[in-house]
Amino acid sequence: MVNSSYHRAFSLLEVLIVVGVVGILAAIGVISIGGLTEKAREEKLYSDVITLNRAVKVYLASGGSIDSSATAENVLASLRTKLSSAQAKRSAGLSSSFVDARVNIRRQSAAEAASGKMRVYWNSTKSAFELAASGSSEGIREFFLDDTIAENDGGAEDRSFAVQYADTGNWIWEYSDASGTSSTASITTIPVSSAPPNATPAGSPSSGPTGSPLPSSALLAPQFSLPGGDYTISNFDLMLSLVDPNSSGTSQVFYQVDFGMWEPYSGSVSILPGSIICAQAIAIDDAYQNSPRGCESYQALPATLAPPVIETSADAFGLFTDQTISFEIVNSNPPGISEIRYRINAGGWIDYSGNFMLDGNLYPSGVSIEAQVVSIDSPYYLPSMVSDRLVNTNSIALSGSASGSFHSPTGHNSMVTNLAGGGSSSHFEWGKAPSSNFSASTLDFNGTGFSDVASGERFQIGGLDYYNGTVLEKTGADTVDLSIGLSVDINGNNYNPYFDFSFDLINSINLGDPQNLWPDADYVRVNDARSSRTLVVDGYEFEFRIELSDSTSNGFSYFDEFHVLENKDASVNVYGTFVSLGPITADPSIVLGQNGAYVDAQEAVFLAVNEAIAAEGSARLSTAEATRALDGAAQAAKQAANALQSATDALSYADAKSYAVYSRDAADRAALEAVRAGDAAGDALAANLLARDAADRAIVLAGNDEAAIFSSGLAEDIAAQALETSILADQIASSAKQWAFRADEYASLAESIATPSIIVVDPVPDDD
């Protein structure tokens with residue numbers, strides 16, 4: 001064929017390239033129209049990456065080059081360029097730009113870069129754009145058509161082509177004749193791996209020698225076992241087989257991946273996502289012509305990762321149990337392609353590395369866990385839906401009833417009350433009326449029921465009736481204590497705690513002003529609205545508080561005071577509140593009491609103090625026993641020593657032996673006494689440990705109870721005494737062992753003295 005003019009029709013190669021690039025331009029244009037949701041934005045971004053990577057491959061296959069230091073902006077600039085006019089005349093490929101001149105980049109803000117939003121980076125090593133869910137710098141947020149640069153000229157450049165149309169001569173391709181030789185030229189074999197990209201495989205001439213016709217029989221193109229198209233990413237890497245449909249011995253199949261080097265086909269080819277595979281049958285028989293080249297593109301459809309499963313060791317933080325919950329997040333996707341991230345209460349995302357624990361005390365309103373699976377540096381796996389798990393915190397729920405009784409009034413020696421001699425009653429009367437026209441002052445407590453009360457919620461426990469009588473000076477009471485007993489159900493468990501409060505009884509000096517009676521009003525005041533006792537339930541400590549409110553006429557109240565007019569009566573409501581003080585700082589197993597849970601601090605400490613006292617007494621008894629054993633061991637040792645002396649002074653073997661036996665008996669008694677002393681010391685040590693344990697429990701159970709704290713200090717002192725006693729017992733036991741050791745030595749010496757010397761005489765040799 002003669003290249004007679006540069007004004008030519010499109011070759012098949014040009015048509016294919018133009019169609020491919022038109023598809024690229026159309027794809028960028030279509031997918032950049034309209035407002036998109038975040039999910040649609042990610043889908044568009046994925047589609048843009050595939051489209052632009054195709055454009056990059058075609059650009060490189062058409063002789064273009066991209067520097068290793070190029071940025072994404074540099075790459076787009078290269079794709080916008082055209083061939084120089086000189087090269088355009090000789091190019092067998094596309095001479096125009098590879099993307100729409102309006103394609104531009106919009107990068108992320110700093111906030112978007114710090115988030116988990118999908119973005120794009122240019123990978124210069126792979127010469128490709130890549131999707132990512134994170135990165136150390138602002139990635140590309142989107143590709144869009146920028147009309148402001150529509151008129152910009154992308155510029156011209158020269159590219160390095162493997163094949164160009166001839167510039168001179170009559171042959172269509174540029175070539176030069178090899179010089180002839182006198183001998184028959186040998187066939188030169190060109191290595192397949194050195195064939196330039198997009199060139200016909202070595203050994204496949206596109207025509208015969210100048211003036212000679214091409215072979216008339218064209219080979220059939222290789223057949224692909226998998227058609228080109230889109231495949232789900234989970235199917236990759238694809239395994240492709242190439243079948244040579246031609247007669248045996250006529251051809252050999254060659255293939256190339258992504259317009260790279262041609263390779264001889266020898267078996268199945270592993271195809272990565274986004275690959276373009278070309279194949280051609282090359283004639284090895286002069287009677288055949290090389291087959292057309294066939295190409296197939298294998299693109300991956302993105303897959304959304306399966307969401308993670310959040311598993312917990314309990315469904316809710318308990319008030320008394322399950323206060324710490326373990327969280328495990330399970331990734332059901334294939335290993336190696338994704339990782340988990342999570343966040344707590346909509347905070348920052350955290351990389352999941354394994355089970356983690358959360359303390360319910362830090363989340364009084366419960367906790368929300370969100371988790372998501374994201375791809376590990378792959379544009380083909382989209383982030384999963386976000387899984388969430390809400391773990392609530394159970395609250396205390398109380399129901400029951402209250403009762404109250406007054407006791408322990410104090411006042412002047414002339415005080416008159418109905419509670420003399422240590423009595424108690426829900427009715428308290430004090431003072432002596434000056435005449436029958438007046439009455440003494442009274443207080444009455446009336447308990448009530450309650451239900452569905454939460455921790456920290458105020459609820460009514462009863463009412464207080466107060467009659468402000470007129471009494472003679474020094475006959476009234478100054479204070480009185482009120483014990484409030486509760487029969488309460490706490491989250492299904494029954495408890496019967498009681499709490500003591502002290503009331504001050506304040507008598508005002510009567511001014512007798514008829515225009516203002518309130519200055520003459522007497523009142524009661526709660527000395528401390530917080531109970532001296534606390535409630536411990538399954539290792540959690542609660543404080544109980546009361547408040548006076550909602551007075552009837554003739555009286556008024558505010559928080560801890562209740563005022564009533566002279567010679568009048570009024571009522572006020574008594575409210576209680578349980579306030580959580582948190583978990584006690586000890587092993588919950590030491591907290592014992594009613595139902596295995598409830599503990600009254602004062603009673604528990606009192607019992608612990610008694611235990612410590614008993615343990616210290618046992619230690620003292622054990623020490624006394626060790627002392628007696630020491631005396632016995634010492635006496636036995638002395639007897640063994642005397643027997644030794646007698647054995648030494650004995651005039652006959654029989655007497656010495658008797659004394660030695662007596663010394664050994666004494667030594668054995670000393671050893672026995674030493675064992676008794678050791679046992680006694682061990683008992684003393686065990687008693688010391690019991691006293692120490694009781695003291696520790698007393699300290700823990702005392703909580704914030706001042707009286708219990710004082711008693712726990714006493715238990716601590718007793719435990720210290722028990723320790724000193726046990727140490728003394730151990731020292732006594734050591735002394736007893738020393739006496740026993742001496743007695744054994746004395747007995748051994750006595751036995752050696754009482755043992756006769758045995759002379760061994762060698763036999764006289766026989767003269768015979």
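**Strands and cores, questioned**

Author: Strand 40 (residues 555-558) and strand 41 (residues 561-564) run antiparallel and are joined by four bridges. This is a predicted model, where local features need pLDDT of at least 70, side-chain atom pairs count only at pLDDT 80 or more, and totals for chains, interfaces and linings use all residues. Residues are numbered from 1 along each chain as its sequence is written, and side-chain values use heavy atoms, with hydrogens and water left out.

Reader: What makes strand 40 and strand 41 a pair?

Author: Pairing takes at least two bridges found by DSSP, and here there are four. Strands themselves are DSSP runs of E, at least two residues long, while helices are H or I runs of at least four, both numbered from the N terminus.

Reader: And what sits between strand 40 and strand 41?

Author: Two residues, in a hairpin, and Phe559 in that turn has a positive phi of about 55°.

Reader: Why is the set with Leu79, Phe129, Tyr298 and Phe327 called a nonpolar core?

Author: Because a core is a set of buried Ala, Val, Leu, Ile, Met, Phe, Trp, Tyr and Cys residues joined through side-chain atoms within 4.5 Å. Buried is under 20% relative accessible area (1.4 Å probe, protein chains only). This core is the largest, at 64 residues, and helix 2 (residues 38-61) gives the largest share, nine residues.

Reader: What does Phe129 touch?

Author: Beyond neighbours within four places in sequence, its contacts (heavy atoms within 4.5 Å) include Val49, Leu52, Trp122 and Phe143.

Methods:
Buried < 20%, exposed > 50% of the residue type's maximum accessible area, 1.4 Å probe, protein only.
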